[in-house]
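Please look at the sequence and the model first.

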Amino acid sequence: MFFSVIIPTYNRLPILQKCLAALSQQSLTAPHTYEVVVVDDGSTDDTVSWLQAQAFPQLQHCCQVHQGPAAARNLGLQKAQGDTIVFIDSDLVVTESFLQSHAEAIQAAQQRLGHDRLFTYGRVIQTCNFSDPTATPYKLSDYSAAYFATGNVAIGRQWLEQAGGFDSSFQQYGWEDLELGVRLQQLGLKLIKAPNAVGYHWHPPFSLDQLPQLIEQEQQRGRMGAQFYRKHSTLTVKMMVQLTIWHRLLWGVLTLQGHLNEQSLNPLLQFLIRHHHPQIALGIARIFLNWYQVQSTRRAYTQHRETDLDSQN
């Protein structure tokens, strides 16, 4: 297999440096080979100049104006030479056996199933440890039931091309990979877990100054969720994006119709962070952050319906 590891990035230079350092140390055995394709999505930090100065022989990079990760991954696919595509994010630090583990999982599954209509999904471990991300142990909360997610996935190039790649109209945060997953599922691709292909997804410890960005992120996720459902109007997608009355009732009750929010819970969140419990604080914040998403999804879906009705009239 010739792997092309495609990495979209946007203003994440410090962790991107760790990401690429890990990829430069892969213990991939012959005849397998690999390249790394970094697509800068309009970064305003020093990402591009730093990439230009690197002597990592397997690395190539390209740039686009800021359009989001879907368009960035499509551009990376155009530039890639490999027959097997690996998608990771630029804040993922992998182990030395990462690509070899994907290769072994793919080959074992092909032999077992007798066909290549499959892809592998590796393990993603969440970590706040910037100095040594790979020291973080696997936790039950790291389990993912997603069918296709671009945090750590390897797939034959032909299936991406047959499915039509990512929908670049998903320019805001969220759902572009799961939307492609719906189309891959329609092609009959089987998900194969590759737990030995491990990546450590770094994010800074939760702090209150992250809340405006997190709220905006959830509102974007809501808008893209409505777009996802508009494109695939199935019950499965409707449940995924939480566009049901039951979700509105659930999160409405849990947040007292939005009254439990970043302002009212500020003292509690501050107390938990001050006493070194940022993950518990983030877990509590996720309740009202989800309310923001559910509300945003509903508003965007209503706007879509109104637009569609106006165009019909």
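A residue is called buried under 20% relative accessible area, exposed over 50% and partly exposed in between, using a 1.4 Å probe and protein chains only. The model is predicted, so local features need pLDDT of at least 70 and side-chain atom pairs count only at pLDDT 80 or more, while totals for chains, interfaces and linings use all residues. Residues are numbered from 1 along each chain as its sequence is written, and side-chain values use heavy atoms, leaving out hydrogens and water.

**I192**
- Strand β8 (residues 190–202) contains I192; strands are DSSP runs of E with at least two residues, and helices are runs of H or I with at least four, numbered from the N terminus.
- I192 counts as buried because its relative accessible area is 8%.
- Contact means heavy atoms within 4.5 Å; beyond residues up to four places away in sequence, I192 touches A105, A109, R112, L113, L118, F119, T120 and Y121.
- Between I192 and V153 there are 9.8 Å in space, C-alpha to C-alpha, and the two are 39 residues apart in sequence.

**T150**
- The loop between β6 (118–127) and β7 (152–156) holds T150.
- T150 is buried because its relative accessibility is 2%.
- Leaving aside neighbours within four places in sequence, the contacts of T150 are R73, F87, I88, D89, F166, E176 and D177.

**Second largest pocket**
- A pocket is an open set of points on a 1 Å grid over the protein atoms alone, where a 1.4 Å probe fits, with protein on both sides within 12 Å along at least five of seven lines; lining residues have an atom within 4 Å of a point.
- The second largest pocket is lined by 13 residues, with Y147, V182, Q185, T236 and M240 nearest its centre.
- Helix α6 gives the most to this lining, with 4 residues.
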